[in-house]
Amino acid sequence: MNTVKNIFSLNGLFRRNMTNRRFRSKLFIVYALVAILPIAFLVYYSYETIKDQLIRQAVENVDASIDQINNNIENKLDMYAQNASLIYLDTQLRDYLMSHYEKGDIGKLDAYDYINQTLYKILAMNPNLKAITIYIDNLTLHSDGLFIKHMDELPEKMAQQSLRAEGYITHFYPGDGDERGKIFTLARSLNYLSLNYPYGILTMDISEREIYSLIEKEGKNKTVVVADQDGRIITSDQSMASVRNTAELLAGKSDSSLVIEKPLSNGWRTIVILPYKELLKEAWKASGKMLTISLACVFAAIILIYATSQLMTKRFEILLQQIRKVERGNFDLRFPPMGHDEVGQLSFALKKMASKIEELIQDVARKEVLKNEAEMSSLQAQITPHFLYNTLASISALAIKSNNEQVHLMADALARFYRISLNKGKKTITIGQEIKLTEHYISIQETRFQGLFRVYYDLDETLLKYTTLKLIVQPFIENCINHAIWDDDCGIAIIVKLHAEGEDVVFSVIDDGMGMTRASLERFRQASDKANGYGIYNVDKRIKLAYGEQYGVMVYSRLGIGTSVRIRIPKTFVFSPQ
């Protein structure tokens, strides 16, 4: 668990470190890893491949060398075995060895003479054959200390093994040898052809040099050893002269050396020890050359990577400088040639964006100036309503003074109408104020058209607190008075209704006047000039612009029956009572 936490911690640290580095450093690190890792892997893979090939080739070569050495040794031993067979098959020699000699018998001299000539001839033909000795039980033939010796002079172990071999060659390695140097002995028993009865044992002392000459040329960069079946070393290269047995020789060699051995037909073994250091010298040499070339390539790659990353990030740094100029409010961007790639497109987009931002800022500044001018005009325009209110108040006072009640009522109603409709320049008023505004307008018109219309109200007072655009009911009252009255004696009735439909507020203005034909209704909907009043088009357009296309005005009319207008708006901001 701790290991996983450590891995995640290191991963987070690496990511934070990489995130905070400059883009050039990130590119350099990534490119360097991409260049170095494959080269390192290639060097490692090449070394391992060469090592395996060299070991496999060395094993094959050593195996072939051992086969050749074993073949040469067996051929050499066969040659000495043939000499032993010649001696064994020499019947005259056998007769001399088996004859019984009396004291003073001169036949003994003939025997010595024949034996000496025969064996000296064999010695002369084989320079590495140090001695030939025949051990016999015939005590009447005295030992000459050279070629003829009695059986009791033969080592017991050698005698027993030779007799058990029943005529076959046995090999012995006596160890340190004598003044003649290291030797090994071949021995065989001598018996009758027809009877399995030994009459002597033939020994041949062969110089260790005879076997060493067969392995001498194979000892370059490796150790070649010939040992007997008991592990005693018969011959080896000079550096191993002090080692007596293979167990001592092979101690600690298994890990540092390649050891290959093969047996001979007589029980001896040929062992080759090839140190890995010598074996892999060529691999190290080849890998060293490859590593040198790779390091040169890596060095060149690092220089190219640095130059490439600097070249690639230079334009990004220029872009960053220009972005910081925009951040400080300087939109005068100047770019050197940036090309047509992604970076070039970014520079083009940045320049265009800076120009657009500058235009927007200038536009906002212009609008701010216009807004200030409008506010100034609005403040100045407020003088006119005050002047109008004061003038109407003066007219009303004069009417009262002159006892003219109608003029007083009209002036007062008109003053209240304008006070609400102007509303300090605001576009929205409460629904309650809209109804009040309508009532003031009706009061003015009642003074003018006495008895020609009657107005009835059906209002949901819970809706009076919501807001509405101003002057959306008054134009339709005006249309009723101006266009719906068809009989001056009867007049018309006008109903003003206010009710809710779901989340919407609906005004209704209904009259029982003359009504309109379909063609007249269509023309009336399109009327927007002052000759026809504000018109349905004006009110409907203002509502749609303010609240959306689902709201507005619907008009229903039939000639001779009357007209009904429905004005739909949403429930909007609720005014808190003061």
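Asn 266 lies in the loop between strand β8 and strand β9 (269–275), where helices (H or I, at least four residues) and strands (E, at least two) are DSSP runs numbered from the N terminus. Leaving aside residues up to four places away in sequence, Asn 266 touches Leu 77, His 171 and Gln 229, contact meaning heavy atoms within 4.5 Å. The C-alpha atoms of Asn 266 and Thr 170 are separated by 8.2 Å, although these residues are 96 residues apart along the chain.

This is a predicted model, in which local features need pLDDT of at least 70 and side-chain atom pairs count only at pLDDT 80 or more, while totals for chains, interfaces and linings use all residues. Residues are numbered from 1 along each chain as its sequence is written, and side-chain values use heavy atoms, with hydrogens and water left out.

Side chains of opposite charge can pair when their charged atoms come close. Asp 63 forms a salt bridge with Lys 262, with the closest N and O atoms 3.0 Å apart; a salt bridge here is a side-chain nitrogen of Lys or Arg within 4 Å of a carboxyl oxygen of Asp or Glu. Asp 63 belongs to helix α2 (residues 23–89) and Lys 262 to strand β8 (residues 257–263), so the pair ties together parts that are 199 residues apart in sequence. A search of the whole structure finds ten salt bridges.

Two helix pairs come next. The axes of helix α3 (residues 91–98) and helix α4 (residues 107–125) come within 10 Å and cross at roughly 140 degrees, where axes are lines fitted to C-alpha atoms, for helices over the stretch in contact, and angles run from 0 to 180 degrees between N-to-C directions. In this contact Gln 92, Leu 93, Tyr 96 and Leu 97 of α3 meet Asp 110, Ala 111, Tyr 114 and Ile 115 of α4.

Helix α13 (residues 431–448) and helix α14 (residues 474–484) pack at an angle of about 25 degrees, with their axes 10 Å apart. That makes α13 roughly parallel to α14, since angles under 35 degrees count as roughly parallel, over 145 as roughly antiparallel, 65 to 115 as roughly perpendicular and the rest as oblique. The contact is made by Glu 434, Leu 437, Thr 438, Tyr 441, Ile 442 and Gln 445 of α13, together with Gln 474, Ile 477, Glu 478 and Ile 481 of α14.
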